[in-house]
Structure formats: structure tokens, C-alpha cells
Amino acid sequence: MYIYLYLNIFTILFPLLLSFDKKVAFYRNWPALLPAIVVNAVLFIVWDVQFTEQGIWGFNEEYLTGIYFWNLPLEEILFFITVPYACVFIYDVLNAYITKDLLQPYAKTIALGLIIVLPTIAVFNMGRWYTVITFMLLAFLHLVHLRFFNTRYLGRFYLAYLVHLVPFLLVNGVLTYLPVVWYNDNYNLGFRLISIPVEDTMYSMLMLLLTISVYEALREKFSIKQYQTSVV
């Protein structure tokens, strides 16, 4: 039963097919998206390898193809490609079809709240390494994002994050309920959304914010180059 592989296919199938929609034309952004996915995948795979070796989480072979790279199942490697692709697709679709930046007025407040609250929770839970590392990295990434972009993308990012929670709960629900992926609760808070560790919601936000930060930085760089070329 290759359930994890099927979930990867399900995750990327419709975003990939709809990438050629005329209004969004998502395929035109692939030159910025693909490097962003690579950066995200490299960092998260290194993290994943370490946590798997430490027994902080692991995988149920019953639902895998049995193909491994760096002690990780093939499906887990694919996860860091299919999920960021689908999430940035959601982000761009929302940007195309919802012209008003609905959450922009609240973006800085949300960001500062996360920057304060997440490290506080982490400090009081030292030793719960999934909680500590995820929460601290997400707070730090918000600081970096604010430094380089201020809040011009954050409002739209938070909207995309909220929308992405629907497929996130579906896919992660299957992964953790069977479970395809298991977690050692000694290393997390022990609070679950049915079967999903609450840390997964922040882990997903971290992965999405990293990808979109690199994606938007590259799009800005490409736009500047195109402008300079047109002027010359």
C-alpha cells in the first residue's frame, strides 16, 4: 500500500495541471519557484535526516515503496517538493483572484505575536526538540523576512497559510492517523489536532514562509534585471 506516494501525487496533481491557467499563468514563475523549492528541500531534508536518526519521528514501512535516500523514504523526499509547489500555487492563485490584501493591516501584529510567543513556549519546553527547533526557527525566519521585506508579502502569506490548512489537515491527517509518519511525544508538546501534532502547523508555516521568501526575493531580482534590460 503506497499511501504516502499516492498522497504526494494527490498533493501536486491539480496544482501542476492548473499551472497553465491563463489568469494565474503559474508556470511563468517556475524560474523563481524551482530554486526556492531546492533551498527549502535541502534544509528540511538535512533536518529530517537528523530527527529520524534520533528517533524523534519515523516512518511506517507498510505504507512506503521501500526506496530510501539518506535514510529517508523516497516519499518523504518528494514531500519537500510537492507540498511547497502546491502551497506557493495556492499563494499565487489567491494573489491573482483576490486583489485586496485582506490581512495586510494585521500582518505586523501577527508576526510580532509569533516572534514573542513561539520562543517563550520553546524556552519553557527545552528538551522537546521538535517544539523548540520549529518554534525558534519560525520566529527567527519572521525576523529575517521583516528585515528584508517588511510586511509587503506577509498579509498575503498569512491568507495563503490559512487556506492551505484545509489540504494540510487532510493530508497530514492521513499521514498521522494510520500512521504513515509516527512521532515520539517525548520531543513535542503532546497536543494533537485529532492525530496531528500541533507542532506540524508551525512546521508547515515555516516551510511555506521559507519557500515564499526565497521565491519573492528571486522574483524581485528577475524583475529588476528585466527592467534594466528593457532600459538598455
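Is R219 buried, partly exposed or exposed? I looked R219 up, and at 24% relative accessibility it counts as partly exposed. My cut-offs: buried is under 20% relative accessible area, exposed is over 50%, and partly exposed is in between, with a 1.4 Å probe and protein chains only.

**Ground rules**

I'm working on a predicted model, where local features need pLDDT of at least 70 and side-chain atom pairs count only at pLDDT 80 or more, while totals for chains, interfaces and linings use all residues. I number residues from 1 along each chain as its sequence is written, and side-chain values use heavy atoms, with hydrogens and water left out.

**Salt bridges**

How many salt bridges does the structure hold? I noted four. The term means a side-chain nitrogen of Lys or Arg within 4 Å of a carboxyl oxygen of Asp or Glu.

I began with R219 and D92, whose side chains meet at 3.9 Å, N to O. R219 is in helix 7 (residues 199-231) and D92 is in helix 3, so this pair ties together parts that are 127 residues apart in sequence. For helices I use DSSP runs (H or I, at least four residues), numbered from the N terminus. D92 counts as buried, because its relative accessibility is 6%.

Next I checked E216, which has a salt bridge of 3.2 Å, N to O, with R219. These two are three residues apart in helix 7, so about one helical turn separates them. I wrote E216 down as buried, as its relative accessible area is 3%. Through shared partners, salt bridges join D92, E216 and R219 into one network.

Then I went to E220 and R152, where the closest N and O atoms of the salt bridge are 2.7 Å apart. This one links distant parts of the chain too: E220 sits in helix 7 and R152 in the loop between helix 5 (129-149) and helix 6, 68 residues apart. E220 is partly exposed, at 27% relative accessible area. R152 also counts as partly exposed, at 41%.

**Helix 2 against helix 3**

At what angle do helix 2 and helix 3 pack? I got about 140° for helix 2 (residues 30-53) and helix 3 (residues 74-97), with their axes 9 Å apart. That makes helix 2 oblique to helix 3. In my notes, under 35 degrees is roughly parallel, over 145 roughly antiparallel, 65 to 115 roughly perpendicular, and the rest oblique.

I picked out L33, which lies in helix 2. L33 is buried, because its relative accessible area is 0%. I also looked up its C-alpha distance to F89, 56 residues apart along the chain, and found 9.7 Å.

**A nonpolar patch**

Which residues make the nonpolar surface patch? I listed Y2, Y6, I9, F10, L13, F14, L17, L18 and L170, and together they make about 910 Å². To join a patch, a residue needs over 30% relative accessible area and no salt bridge, and nonpolar side chains (Val, Leu, Ile, Met, Phe, Trp, Tyr) are joined within 5 Å, like charges within 9 Å. Helix 1 (residues 3-17) gives the most, with six residues. L170 is found in helix 6 (residues 154-177). L170 counts as partly exposed, because its relative accessibility is 49%.

Terms used. Accessible areas come from the Shrake-Rupley method with a 1.4 Å probe; for residues, only the protein chains shown count as cover. Axes are lines fitted to C-alpha atoms, for helices over the stretch in contact, and angles run from 0 to 180 degrees between N-to-C directions.
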